[in-house]
Amino acid sequence: MLHYGFNFLWMYAYNQWNPLPKEPDLRELDFIAEEGFNFVRIPVDYSFWTKDYDYTHPNEDILAYLDRYIDACRERGLHACFNLHRAPGYCINWPEREKHNLWRDEEAQEGFQFLWEYFARKYKGISSRELSFDLINEPANIPPSHPCTRDDHQKVIRRTIAAIRAIDPDREIVIDGFDGGGSALPELADAGVIHSGRGYEPFSVSHYKAEWVRGEREWQMPSWPLEENGEVKDIDWIRRYYQPWKDVEAKGVQVHIGEFGCYNKIPNPIALGWLADLMKVFKENRWGYSLWNFRGAFGIADHGRPDTKWEDYKGIRIDREMLEIYKSGMITDK
């Protein structure tokens, strides 16, 4: 079955102002289930249940939130995909906060493996139809704080897959592409896992004025289609961009787009034109997908982009046009 849905940020980013995870929003889960979606990706930050980089003594009270997330999804027929967004020794956002480097330091690798072994035991009784493990969000080479080669990455991923399967051989496992999720992984085509891509290209469209992106203040307001550096970027450009993923898929790999979306600083008609073309390509490729996020700057609810026509739909303030475009990429046959 193809998986279509949203990222929910209930345990996404630990800080002093956000010391506890959020409870699952049952109304939002009801909404997406009623609209025909079947997938929830749950990116989590291990810092919520860990103190002082002690990776192997998690706070069980905090981990109980994960049980509630998974249970809430299962009750609604939604597949839950549990992802370590911040893991011991690595996060694509502010990696310098980490004491270790997951890709090079044995202590971090042991902590990473410990957590996935822990979750493999904890959730062994839940079918892979209902739960999958997305090992690490958006691996990348980030010098000088967290250098990583593709070989470094492959070793950690293979080691972790083997550790999970030694406990739960049937668990569905997901790995994100390299270079922040965007680059396909032919070197891991034989690993027997789902490969998760991204839908953020062209980046100058999806991340226009995103405050966390270096140099964003110098970017010009994009259009769609886009002419950039003497190249026209349109739906055919998107098709070419995903060719490496199709090449890996041809080796027997299942591809899913785990994240995509458009930040809220460009006019909504531009964002929706780009999104419509992206949906066409995903549908042509018969790929499932998961929007970042449901409610917020990239979502279908309360994203805040200029020139949006809002609708109070099932008790939630929705960009109805965006919702319908988003649903247009779905394939409902088995």
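Strands β1 and β2 run parallel and are joined by three bridges; strands here are DSSP runs (E, at least two residues), helices are DSSP runs too (H or I, at least four residues), and both are numbered from the N terminus. Two strands count as paired if DSSP finds at least two bridges between them. Within this pair, Phe6 has Val40 of β2 as its bridge partner. This is a predicted model, in which local features need pLDDT of at least 70 and side-chain atom pairs count only at pLDDT 80 or more, while totals for chains, interfaces and linings use all residues. Residues are numbered from 1 along each chain as its sequence is written, and side-chain values use heavy atoms, with hydrogens and water left out.

Stay with β2 for a moment. Seven of its seven residues are buried, where buried means under 20% relative accessible area, exposed means over 50%, and partly exposed is in between (1.4 Å probe, protein chains only). Both faces of the strand are covered. On one side sit Phe39, Arg41, Pro43 and Asp45, and on the other Val40, Ile42 and Val44, all buried.

Now zoom out to the sheet. Strands of a sheet pair through backbone hydrogen bonds, either parallel or antiparallel. Here eight strands make a closed barrel with parallel pairing, in the order β1-β2-β3-β4-β5-β6-β9-β10. On average, neighbouring strands of this sheet are turned by 25° against each other, direction ignored; axes are lines fitted to C-alpha atoms (for helices over the stretch in contact), and angles run from 0 to 180 degrees between N-to-C directions. Phe133 stands opposite Ile173 in β5.

Helix α8 packs on it and touches β6, β9 and β10 (288-291), with its direction at about 165° to that of β9; contact means heavy atoms within 4.5 Å. Helix α9 (residues 320-327) also packs on the sheet, touching β1 (4-7), β9 and β10, and its direction makes about 155° with that of β10.

What about empty space? Rolling a probe the size of a water molecule over the atoms shows where it is left. On a 1 Å grid over the protein atoms alone, a cavity is a set of points where a 1.4 Å probe fits but cannot get out, and lining residues have an atom within 4 Å of a point. Grid points are joined across faces, edges and corners, and a volume is the space filled by probe spheres set on the points. The count comes to two cavities of 30 Å³ or more.

The largest cavity holds about 130 Å³ of space. It is lined by 17 residues, of which His3, Phe39, Val174, Ile194 and His256 are the closest to its centre. At least two lining residues each come from β2 (39-45), β3 (79-86), β4 (131-134), β5 (172-176), β6 (194-199) and β9 (255-260), and β9 gives the most, with three. By type, the lining has six nonpolar, eight polar and three charged residues; Ala, Val, Leu, Ile, Met, Phe, Trp, Tyr, Cys and Pro count as nonpolar, Asp, Glu, Lys and Arg as charged, and the others, Gly among them, as polar.

The second largest cavity has a volume of about 40 Å³. Its lining is made by Gly261, Cys262, Ala271, Leu272, Trp274, Leu275, Arg305 and Met322. Helix α8 (residues 268-285) gives the most to this lining, with four residues. Six of the lining residues are nonpolar, one is polar and one is charged.

Toward the end of the tour, find Ile318 in strand β12 (residues 316-318). Ile318 is buried, with a relative accessible area of 0%. Leaving aside neighbours within four places in sequence, its contacts are Phe31, Phe294, Ile300, Ala301, Lys309, Trp310, Glu311, Tyr313 and Leu323. Its C-alpha atom is separated by 8.9 Å from that of Arg295, 23 residues apart along the chain.

Most residues other than glycine have a negative phi, and most peptide bonds are trans. The bond from Pro143 to Pro144 is cis, with omega near 0°, and Pro144 lies in the loop between β4 and α4 (150-167). The bond from Trp292 to Asn293 is cis too, with omega near 5°; Asn293 is in the loop between β10 and β11 (311-313). Asp302, found in the loop between β10 and β11, has a positive phi near 55° and is partly exposed at 28% relative accessible area.

Terms used
1 Å grid on protein atoms, 1.4 Å probe; cavity = no way out; pocket = protein on both sides within 12 Å on 5 of 7 lines; lining within 4 Å.
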